[in-house]
Amino acid sequence: MTASCVVGLQWGDEAKGKIVDLLADRHDFVIRYNGGANAGHTVVANGRTYKLSLLPTGVLKPHLMSVIGNGVVVYPPRFLEEIDNLKAQGTEVGDNLALSDHAHVIFPYHLEEERLNETGSGQTIGTTGRGIGPCYQDKVGRVTAIRVGDLLHADYLRQKLHAIVPRKNRMLASFGNGLKTFDADQITEEYLGYAERMRPYVKDTIRILHDALREKKRLLFEAAQGSLLDVDHGTYPYVTSSNSCPAGIWSGSGVPARNLEQVIGVVKAYTTRVGRGPFPTELNDGPDGVGEKIRKAGNEYGTVTGRPRRCGWFDAVAVRFTAALAGADQLAVMLLDVLSVADEIKICVAYDFEGERLERFPSDPFVLERCRPVYESMPGWRSEIGSARKLTDLPLATRRYIDRLSELIEKPIGIVSVGPDREQTIFVEQ
Ligand code: IMP
């Protein structure tokens, strides 16, 4: 096996971190290829809970090589803070972490640009406020972009920021609701300080990965966000600004597509979403409803922003689409134990669009917005399942539920997670 990928098939927060952590030991490299510190990966390992947003989950295992690929956008203070936090918790971070010199850098004006976008009168997305969108905008626009490698060339950086910052100040002033301006000298000095601390990690990661391929090392790609948040294929414009489905791997790491041999599509046993945008199976059934019970049992609050996540039933129409898009070979069904709170469990098997039954995920966002879920109902199991270690330990109703998910998505289920701990995992024999 040359390369595998762990990818979310919903709107993010599918607990991909746990799967990456479980599979990491079968690999030599763990690689992030998209997004930035908007991701929130919670991993419970060695009796501790680690929260990572920018560093690959592999960094928790210092014998593995962790790579932040060129497709990632990096906020230097966050990068350094995550390293400091890990070191303070006793985890070594050194030569085992490589940061691409081609990754793009987030600056304070990106955060301000996003804040103004999100508080203005136009269309808002409900972003994480980490400067992700504005940084990717500059990357594609080229003239106002700065890459990690540029931080190591002080004169170039100073010159570049003296051209960019006044331009950004004028642009921010034109928003009308912003008063904040930035000083090029101050940002230059601040970022040169970060650069010195980042220098040991900055590498030509494409060469490192090409060497790894030649040496037949095993690579594990860790997607951030879910495929429904993919900038090309997700529920646009309520998406993130990168390709979160495996399409982002080749561009975001330099590893050719043909090396990807296994895609593990990760889903929650239900659905959550943070931020705005269509969510056909959302449960808006009040403080005593199942939606709230799922939120509480699943601790469905954003890792990055702390926002309560919107909760709903499993949407098999959407996941059948993203499983096909990702080329998923198998599914990992996460947080199955959370559904123990429900007497009756629903699965969305089709959409009703003004009386018409749709079995395929609509490409037209105006149609999706008006789709109503068509549900199939199954009995709940109402019992604790966190101690199950094999499929036969699960109640019959639980097994029927996961079998039905597999049938509807047309993919086998390889992993079932019944709790946050490593041991609370069932590997299904194929
Ligand atoms: P951005 O990525 O901060 O620009 O936010 C764009 C959309 O993606 C918003 O709806 C965010 O809530 C959502 N989003 C970004 N990262 C994550 C994540 O890691 N999990 C879930 N949603 C996310």
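**Exercise 1.** How far apart do the C-alpha centres of domain 2 and domain 3 lie?

*Solution.* Start with the ground rules: this is a predicted model, where local features need pLDDT of at least 70, side-chain atom pairs count only at pLDDT 80 or more, and totals for chains, interfaces and linings use all residues. Residues are numbered from 1 along each chain as its sequence is written, and side-chain values use heavy atoms, with hydrogens and water left out.

Next, the bounds, which come from an automatic or database domain assignment: domain 1 is 3-100 + 202-263, domain 2 is 104-198 and domain 3 is 267-427. The C-alpha centres of domains 2 and 3 sit 38 Å apart. Their contact (heavy atoms within 4.5 Å) draws 6 residues from domain 2 and 5 residues from domain 3.

**Exercise 2.** Work out what lies between domain 2 and domain 3.

*Solution.* Area comes first: the pair buries about 440 Å², 43% of it on carbon and sulfur atoms. That's accessible area (1.4 Å probe) lost on putting the two parts together, summed over both.

**Exercise 3.** Which strands stand at the edges of the open sheet?

*Solution.* Write out the order of the 10 strands: S9-S7-S5-S2-S10-S1-S11-S15-S19-S20, with mixed pairing. S9 (202-203) and S20 (425-427) are the edges; each has a single partner strand, so one side of each is left without a neighbour in the sheet. Strands are DSSP runs (E, at least two residues), numbered from the N terminus, and pairing takes at least two DSSP bridges.

Conventions: Helices (H or I, at least four residues) and strands (E, at least two) are DSSP runs, numbered from the N terminus.
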